[in-house]
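Let's take a friendly look at one protein model together. Keep the sequence and the 3D view side by side as you read.

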Amino acid sequence: MGPIEVIVVTFSDAGRVSSIGPPLADLVSQGLFVVVDAVLVTRRPPDTVVISDLSDDVVPGWSAISPHPRPLLSAQDSGVVSAGLAHHHAAVLVAIEHSWVASFARDIADSGGAVVLHARIDASTVEIAARVDS
């Protein structure tokens with residue numbers, strides 16, 4: 001397994017969390033990645049934080065999106081995210097394994113090599129670099 005990437009998606013209306021389902025289902029069905037784990041974090045007044053695994057109750061069809069979840073995301077991960085949430089807001093933490101990277105790493109290992117670094121550069125940094133280099 002791995003490398004694993006964690007994506008955090010926030011919603012200003014906790015009732016809209018289910019909207020994450022269709023785009024994730026599309027990417028999973030294309031074989032681009034596997035959803036390894038996902039956690040829902042919701043902040044309710046006065047200062048209550050609710051942390052739960054995603055399920056079909058929250059995101060219809062979730063069991064098809066993540067049929068074999070593994071408990072990788074911790075309470076500490078959820079706590080870091082919940083600290084920045086406003087009341088009535090929610091966040092979904094999604095741990096994904098890029099299918100192509102896992103396949104590539106296996107092929108490299110079979111050849112005696114090893115993937116020693118997998119880094120993600122955020123979109124705003126890439127945009128800045130592109131402007132500087134052009």
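## The largest pocket

Which residues line the largest pocket? In this predicted model, the lining is made up of Asp 37, Ala 38, Val 39, Asp 53, Leu 54, Trp 62, Ser 66, Pro 69, Arg 70, Pro 71 and Leu 73. The volume of this pocket is about 160 Å³.

Strand 2 is the biggest contributor to the lining, giving three residues. This strand covers residues 33-44, and Asp 37 sits in it.

What does the side chain of Asp 37 have by it instead? One of its polar atoms lies 2.9 Å from the backbone nitrogen of Leu 72. Leaving aside neighbours within four places in sequence, the contacts of Asp 37 include Asp 53, Pro 71, Leu 93 and Ala 95.

## The salt bridge

Side chains of opposite charge can pair when their charged atoms come close. How many salt bridges does the structure hold? There is one, and it links Arg 43 with Asp 47. Their closest N and O atoms are 2.4 Å apart.

Now compare the two partners. Arg 43 counts as buried because its relative accessibility is 10%, while Asp 47, at 55%, counts as exposed.

Terms used
Residues numbered from 1 in each chain as written. Predicted model: local features only at pLDDT ≥ 70, side-chain atom pairs only at ≥ 80, totals over all residues. Heavy atoms only, no water. Helix = DSSP H or I, 4+ residues; strand = E, 2+ residues; numbered from the N terminus. Polar contact = N/O pair within 3.5 Å; in protein donor to acceptor, adjacent residues only side chain to side chain. Contact = heavy atoms within 4.5 Å. 1 Å grid on protein atoms, 1.4 Å probe; cavity = no way out; pocket = protein on both sides within 12 Å on 5 of 7 lines; lining within 4 Å. Points joined across faces, edges and corners; volume = space filled by probe spheres on them. Salt bridge = Lys/Arg side-chain N within 4 Å of Asp/Glu carboxyl O. Buried < 20%, exposed > 50% of the residue type's maximum accessible area, 1.4 Å probe, protein only.
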